[in-house]
Amino acid sequence: MLFHRALGPCDRTEHRRRLPPGSTLLLYTDGLVERRGHDMHATVAQLVTLLARLGDRPLDELLHRISNRLTDPSPEDDVVLLAVRTPVIAQR
């Protein structure tokens, strides 16, 4: 059980998933996809489309393009992106 000072006790779950070599995992805060007057689901769909199109680019370029495309010029909330790519192991 996880305890958060402001919220009290919270259940915590753990999940595991294998990522194939060359996979890109993107973690982001809600500030990237939630905005007043905008449909969050539509913004998440845009993000999925961007990842499908740009997911093989170098990580710094991927993050830069996603940020430029989806972040408001003056965001009302924090926006944090973290991308991790699993290494590709060369065949011998």
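Of the contacts in the chain with a separation of 6 or more, 59% join residues 24 or more positions apart, a contact being heavy atoms within 4.5 Å. The structure is a predicted model, in which local features need pLDDT of at least 70 and side-chain atom pairs count only at pLDDT 80 or more, while totals for chains, interfaces and linings use all residues. Residues are numbered from 1 along each chain as its sequence is written, and side-chain values use heavy atoms, with hydrogens and water left out.

Two helices and four strands are present in the chain, in the order β-β-β-α-α-β from the N terminus. The radius of gyration, taken over C-alpha atoms, is 16 Å, well over the 12 Å that the globule rule gives for 92 residues, so the chain is more spread out than a compact globule. That rule is 2.2 Å times the number of residues to the power 0.38. Helices (H or I, at least four residues) and strands (E, at least two) are DSSP runs, numbered from the N terminus. The C-alpha trace spans about 55 × 35 × 20 Å along its principal axes. Of the 92 residues, 18% are buried, that is, under 20% relative accessible area with a 1.4 Å probe, protein chains only.

Ser-23 lies in the loop between β2 (8-10) and β3 (24-28). With a relative accessible area of 15%, Ser-23 is buried. Leaving aside residues up to four places away in sequence, Ser-23 touches Val-84, Arg-85 and Thr-86. The side chain of Ser-23 also reaches the backbone oxygen of Pro-20, at 2.7 Å.

Methods:
Buried means under 20% relative accessible area, exposed over 50%, partly exposed in between (1.4 Å probe, protein chains only). A polar contact is a pair of N or O atoms within 3.5 Å; within protein, one must be able to donate a hydrogen and the other to accept it, and residues adjacent in sequence count only if both atoms are side-chain atoms.
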